[in-house]
Amino acid sequence: MAVKGVLRLGEVAIRVTDVEAALQHYDKWLGLHCVMRDEGRAYLKAWDEHDHHSIVIRKADQPGCDYFAFKVSDDAALTDFESRIRAHGTDVKKIAAGTYAKSGRRIEFVLPSGHTMQLYAEKEQIGNTLGTKNPGVVPDDGVIRGLRINRLDHILLGGVALDDNVRFFREVLDFSLSEKLVDHESGASLAVFLTCSNKPHDIAFIQQPQPNRFHHISFLLESAHDVVQAADVIGKHRIPVDVSLNRHGITRGATIYFFDPSGNRNEVFAGGYVYYPDTPTLVWDTTSFGPAIFSQDNTPRESFLNKLT
Ligand code: FE
């Protein structure tokens with residue numbers, strides 16, 4: 001797999017009830033960089049991302065996710081996906097370049113699960129401060145702040161019609177199904193994990209009674225040791241924790257879940273196996289529910305399963 005077509009999760013737009021409190025959380029404590037503000041919105045990036053921003057926050061009455069966007073390899077890929085999505089029977093909205101900050105043209109569509117997804121090929125690149133010639137390995141001031149987040153990693157959403165989502169991502173967007181969790185008796189899909197890269201997942205969905213729910217965004221750290229360091233920083237700032245240090249059976253990532261001040265769930269994540277397109281889909285069933293989700297204590301958490309925004 002040369003990585004062409006859909007590259008990665010490039011942007012998530014999050015609703016917050018207090019922008020200043022959100023900036024204290026995401027910039028000051030987590031260590032993302034606020035790179036721009038405009039009419040009620042703030043734009044942030046992790047230090048090692050080259051594109052202008054990956055997180056957009058805006059003030060709203062309720063927390064949640066407005067939309068998420070994946071970056072594709074080039075404009076021809078965007079055109080190709082547009083026709084494939086239409087051929088699949090899904091409406092596509094064209095969005096002109098410049099409508100979204102620092103972004104080229106986009107296409108937007110609604111998934112069977114009820115979520116609004118966008119694709120784009122161009123976004124202004126501002127780099128990671130190292131330059132591209134003899135760049136070194138850490139930022140020029142030697143400091144990676146906060147939780148030491150390298151980049152946005154993945155998003156997990158709650159909704160309906162998971163199998164239709166899987167079909168859409170595999171047949172239309174060329175993703176692979178890396179893992180799934182099914183009901184032991186009925187075989188119904190309860191959670192599905194999809195990848196467009198070498199990572200165990202780039203997006204995942206869990207079955208929910210309502211469409212268009214948001215479970216978490218996840219930020220990539222360099223190592224499990226950094227996840228331990230992140231736990232110290234989370235504790236220091238009294239950030240509300242949902243699930244402290246653990247490791248997922250599914251994806252094998254080291255993890256911590258916590259909440260932003262508006263109640264949106266965040267994760268820091270490190271590790272996980274390397275995925276290739278010939279890796280078989282791993283299937284877990286509900287007889288192994290605890291180990292699938294949290295493999296160090298094999299204990300599912302009520303809040304983790306049922307609190308979405
Ligand atoms: Fe996650």
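Predicted model: local features only at pLDDT ≥ 70, side-chain atom pairs only at ≥ 80, totals over all residues.
Author: Residues are numbered from 1 along each chain as its sequence is written, and side-chain values use heavy atoms, with hydrogens and water left out.

Reader: What makes a space a pocket or a cavity?
Author: The search runs on a 1 Å grid over the protein atoms alone. In a cavity, a 1.4 Å probe fits but cannot get out. A pocket is an open set of points with protein on both sides within 12 Å along at least five of seven lines.

Reader: How do you know the volume of the largest pocket?
Author: Grid points are joined across faces, edges and corners, and a volume is the space filled by probe spheres set on the points. For the largest pocket that gives about 360 Å³.

Reader: What makes a residue part of the lining?
Author: A lining residue has an atom within 4 Å of a point. In the largest pocket 22 residues qualify, with A191, I206, I293, F304 and L305 nearest its centre.

Reader: Why are residues of the second largest pocket called charged?
Author: Asp, Glu, Lys and Arg count as charged; Ala, Val, Leu, Ile, Met, Phe, Trp, Tyr, Cys and Pro as nonpolar; the others, Gly among them, as polar. The lining has 6 charged, 7 nonpolar and 2 polar residues. R41 is among those closest to the centre; R41 is an Arg, so it counts as charged.

Reader: Which residues line the largest cavity?
Author: G31, H33, W47, I144, R145, R148 and I149. Its volume is about 30 Å³.
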